[in-house]
Amino acid sequence: MSTASRLPQLAGRLAARLPRTVDARVRRLAVASLIGQTLLVVTGGAVRLTASGLGCPTWPRCTDTSLVNTPEMGIHGFIEFGNRLLTFALAAVAVLMLVYLWNLRKERRDLFLLALGLLASIPAQAVIGGITVLTNLNPWVVGLHFLVSMALVVIATLLVNRAYGRTGRFASLSLPALPGVLRPVSAAVALFSAVAVMLGVVVTGAGPHAGDADAPRNGLDWDLFSHIHAVPAYLITAGTLFAMVLVFARRIPGPFRTSVILLLVVTLLQAVIGFTQYYNGIPALLVGAHMLGAALLMSAATNAADVARSSPVK
């Protein structure tokens with residue numbers, strides 16, 4: 001029997017071994033996707049904050065003659081290429097997720113489409129990353145690169161919630177009823193989180209950490225936009241505190257209570273980091289921590305809004 005004629009049989013055997021229910025393998029891959037997308041934000045920040053933005057001066061190769069970094073490029077080349085390499089790891093996780101969901105692609109279309117979105121983002125991020133290098137780290141392109149990563153953190157968070165049956169049409173957990181006001185409040189907090197992140201990109205584009213000594217800045221007033229950036233942060237804090245008070249006053253148990261506590265912790269940590277870096281000359285380490293905090297904030301705000309939307313209303 002020829003190899004070509006055996007392919008359908010091999011494909012059938014593979015499909016027979018793939019899960020027909022959302023099992024631990026699918027859930028672990030969903031968590032790996034969320035962790036990986038968050039790490040990509042951290043490594044991307046390391047590239048910029050160590051002035052390694054042009055550590056690989058060309059794209060898609062690292063140099064004109066090498067796909068990978070070379071010893072002559074030093075630490076900057078290692079950091080930049082390491083960030084590129086993580087993208088391939090995320091692609092592998094996304095492909096594996098789609099493979100494990102193959103038998104469920106119709107029944108669990110929600111999971112399949114979310115996983116497909118994560119995979120489709122890989123080439124998009126690669127192209128934006130290439131444009132970033134070719135435009136000498138234009139701050140608006142760098143900002144777009146970061147915002148796409150934030151969107152992927154949101155998608156990965158939804159994937160985790162759906163995989164664990166916390167939210168969505170196929171939720172297996174019985175969520176306690178919430179006061180009706182908590183749905184719009186949670187949605188507003190998620191929206192303000194997105195606005196804060198977008199304004200943070202503008203602030204970063206005006207600040208000193210350009211990724212390379214010769215990289216351009218956006219020319220905006222850094223101090224002014226830092227204060228503007230703080231406005232949605234105040235609204236996030238107010239909305240989260242309101243939700244927290246209501247949760248404890250009504251003695252609401254379960255996932256929403258946990259999500260609000262987590263969101264408040266992340267929000268307060270972000271506020272402390274933000275104020276500390278503002279009044280201490282924007283040290284690179286704190287900027288990196290603030291970038292990690294932005295990813296955690298988007299995930300926590302998405303989680304709270306998602307759980308609220310899936311909970312019954314009383």
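**Second largest cavity.** I began with the lining of the second largest cavity, whose residues divide into five nonpolar, two polar and no charged. My classes: Ala, Val, Leu, Ile, Met, Phe, Trp, Tyr, Cys and Pro are nonpolar, Asp, Glu, Lys and Arg are charged, and the others, Gly among them, are polar. The lining consists of Ser-33, Gln-37, Leu-90, Val-93, Ala-94, Leu-118 and Ile-122. I looked up the elements behind it: α2 (24-49), α3 (74-100) and α4 (109-134) each supply at least two residues, and α3 gives the most, with three. The space inside is about 40 Å³.

A friendly reminder to myself: this is a predicted model, where local features need pLDDT of at least 70 and side-chain atom pairs count only at pLDDT 80 or more, while totals for chains, interfaces and linings use all residues. Residues are numbered from 1 along each chain as its sequence is written, and side-chain values use heavy atoms, with hydrogens and water left out.

I also noted the rules for voids. On a 1 Å grid over the protein atoms alone, a cavity is a set of points where a 1.4 Å probe fits but cannot get out; a pocket is an open set with protein on both sides within 12 Å along at least five of seven lines; lining residues have an atom within 4 Å of a point. Points are joined across faces, edges and corners, and a volume is the space filled by probe spheres set on them. Helices are DSSP runs (H or I, at least four residues), numbered from the N terminus.

**Largest cavity.** How many cavities of 30 Å³ or more are there? I count two by this rule. The largest has a volume of about 60 Å³. Its lining includes Val-185, Ser-186, Val-189 and Ala-190, and also Gly-239 and Thr-240. At least two residues come from each of α6 (182-206), α7 (222-249), α8 and α9, with the largest share, four residues, from α6. By class I get eight nonpolar, three polar and no charged.

**Second largest pocket.** Here I found about 200 Å³ of space. α5, α8 (255-278) and α9 (284-310) are the elements that give two or more residues to this lining, and α9 gives the most, with four. Among the lining residues are Thr-157, Val-160, Asn-161 and Arg-166. The class count is six nonpolar, four polar and one charged.

**Helix α5.** I then followed α5 (residues 139-163), which has 25 residues and reaches 36 Å from first C-alpha to last, close to the 36 Å expected. That expected span is 1.5 Å times one less than the number of residues. At its start, a side-chain oxygen of Asn-138 comes to within 2.9 Å of the backbone nitrogen of Trp-140. After α5 comes Gly-165, with a positive phi near 70°.

**Leu-18.** Leu-18 sits in the loop between α1 (3-17) and α2. Is Leu-18 buried or exposed? Leu-18 is buried, with a relative accessible area of 10%; buried means under 20%, exposed over 50%, and partly exposed in between (1.4 Å probe, protein chains only). Leaving out residues up to four places away in sequence, Leu-18 touches Val-99, Tyr-100, Trp-102 and Asn-103, where contact means heavy atoms within 4.5 Å.

**Ser-121.** My last stop was Ser-121 in helix α4, buried at a relative accessible area of 8%. Its side chain reaches the backbone oxygen of Leu-118 at 2.5 Å.

Technical notes: A polar contact is a pair of N or O atoms within 3.5 Å; within protein, one must be able to donate a hydrogen and the other to accept it, and residues adjacent in sequence count only if both atoms are side-chain atoms.
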